[in-house]
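Dear colleague,

Please find below the structure that I am handing over to you, followed by an account of what was found in it.

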Amino acid sequence: MSVLTVSVVIVGLYVLGRCLIPRLVQSNATLALLWYDAVLEKTLDLLTRTTRPQRLLQAVSINAVRGDPDSVITAIDHFCKHTEWAMNIGDEKGAILDLVVMETSPSTVLELGTYCGYSAVRITRLLPPATRLITVEMNPEYAHVARQVIQHAGLQDKVCVLEGHSADLIPKMADMFGIQTFDFVFLDHWKDRYLPDIRLLEDCSLLARGSVVLADNVVCPGAPDYLNYIRSNLNYSSRFYQAHLEYTRVLDGLERSEYLGHRQRDKQTDKQAGKETVR
């Protein structure tokens with residue numbers, strides 16, 4: 001094979017990988033996730049001998065102003081739009097996250113799924129001075145990168161990154177931090193954990209009347225069992241925010257659910273009390 005042929009093949013592959021395929025997958029959920037996570041990420045890991053979180057951290061270190069959370073957010077968004085896609089909540093849905101945090105003005109906050117710390121930075125920069133964010137990440141490498149991103153943003157004193165499984169850590173929250181309930185909970189970890197973890201939060205009495213739970217990616221890749229539970233449950237009042245999968249045109253959205261207390265239990269109690277009164 002001639003040098004010219006090899007050059008043409010390389011250029012063709014580059015154009016295909018950098019231009020044509022990204023455009024094709026922009027509006028297709030399955031193709032987008034397959035391309036970005038199964039193909040492109042693994043290829044770049046192999047070629048650069050680094051991981052995507054490490055590459056994202058490098059972009060933050062080079063382009064973001066130390067101690068400036070908004071600069072960190074901007075640097076990550078630019079990296080994900082123009083260099084390499086990553087599974088942060090992103091700028092569009094991030095603006096919705098900002099809105100819900102500001103509306104809630106929480107004094108106790110839990111995040112499940114830290115990844116590289118993007119959403120932790122977005123949330124924490126809007127919290128009241130005395131409020132800390134507790135965030136749970138099961139992947140040690142993600143947690144390591146997240147701590148460095150959070151430190152670069154100057155928010156390390158307001159964020160506690162816990163490594164481990166949510167199922168193991170949620171029951172320990174009250175003893176570990178002296179927290180009775182969470183005012184705001186952000187779900188952005190494994191989608192099949194949304195339902196068991198919301199139930200676990202309920203069972204551990206970590207939700208109070210007025211607590212707000214915001215769940216990301218409820219359309220893509222989707223959390224149908226969680227949505228069915230939360231929308232049919234009288235203990236919650238829910239609202240859906242339609243948006244797009246981070247940095248694409250793929251339809252996605254967030255579900256905001258306010259905990260109303262044990263209304264089902266209360267109704268049953270009231271009904272029973274009414275019977276006893278009649279007697």
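Tyr-247 is buried, at a relative accessible area of 13%, where buried stands for under 20% relative accessible area, exposed for over 50% and partly exposed for the range in between (1.4 Å probe, protein chains only). Its phi is near 60 degrees, a positive value in a residue other than glycine. Tyr-247 lies in the loop between E6 and E7; helices (H or I, at least four residues) and strands (E, at least two) are DSSP runs numbered from the N terminus.

Please note that the model is predicted: local features need pLDDT of at least 70 and side-chain atom pairs count only at pLDDT 80 or more, while totals for chains, interfaces and linings use all residues. Residues are numbered from 1 along each chain as its sequence is written, and side-chain values use heavy atoms, with hydrogens and water left out.

The chain as a whole

The chain holds 13 helices and seven strands. Of its 279 residues, 49% are buried. Among contacts (heavy atoms within 4.5 Å) with a separation of 6 or more, 72% are between residues 24 or more positions apart. The exposed surface comes to about 14,100 Å², of which carbon and sulfur atoms supply 56%; accessible areas come from the Shrake-Rupley method with a 1.4 Å probe, and for residues only the protein chains shown count as cover.

Aromatic pairs

Rings of Phe, Tyr and Trp (its six-membered ring) pair if their centres lie within 6.5 Å; planes under 30 degrees apart count as stacked, over 60 as edge-to-face and the rest as tilted. By this rule there are four aromatic pairs. One of them is stacked, because the rings of Tyr-36 and Trp-85 have centres 5.1 Å apart and planes at 15 degrees. Tyr-36 belongs to helix H2 (residues 29–48) and Trp-85 to the loop between H4 and H5, so this pair ties together parts that are 49 residues apart in sequence. Tyr-36 and Trp-85 are both buried.

Tyr-236 and Tyr-259 form a tilted pair, with 5.2 Å centre to centre and 55 degrees between the planes. Since Tyr-236 lies in strand E6 (residues 236–244) and Tyr-259 in strand E7 (residues 251–259), the pair ties together parts that are 23 residues apart in sequence. Tyr-236 counts as buried at 6% relative accessibility, as does Tyr-259 at 3%.

Glu-84

Which side chains does Glu-84 meet in polar contacts? A polar contact is a pair of N or O atoms within 3.5 Å; within protein, one must be able to donate a hydrogen and the other to accept it, and residues adjacent in sequence count only if both atoms are side-chain atoms. The side chain of Glu-84 makes such a contact with the side chain of Arg-52 at 3.0 Å and with that of Arg-55 at 2.8 Å. Glu-84 is placed in the loop between H4 and helix H5 (90–104) and is buried, with a relative accessible area of 3%. Neighbours within four places in sequence aside, Glu-84 is in contact with Glu-41, Leu-44, Arg-52, Arg-55 and Phe-79.

Helix H7 (residues 140–152) has 13 residues and reaches 19 Å from its first C-alpha to its last, close to the expected 18 Å, the expected span being 1.5 Å times one less than the number of residues. At its start, a side-chain oxygen of Asn-139 comes to within 2.9 Å of the backbone nitrogen of Glu-141. The buried residues of H7 include Tyr-142, Val-145 and Val-149. These buried residues pack against elements including helix H3 (52–63), helix H4 (69–82) and strand E2 (133–137). Gly-154, which follows H7, has a positive phi near 80 degrees.

Helix H10 (residues 194–203) is mostly covered, with seven of its 10 residues buried. Just after H10, Ser-205 takes a positive phi of about 55 degrees.

Further backbone features

The peptide bond from Cys-220 to Pro-221 is cis, with omega near 0 degrees, and Pro-221 is found in helix H11 (residues 218–222). Tyr-115, although not a glycine, has a positive phi of about 50 degrees. Tyr-115 is found in the loop between strand E1 (109–112) and H6 and is buried, with a relative accessible area of 8%.

Yours sincerely
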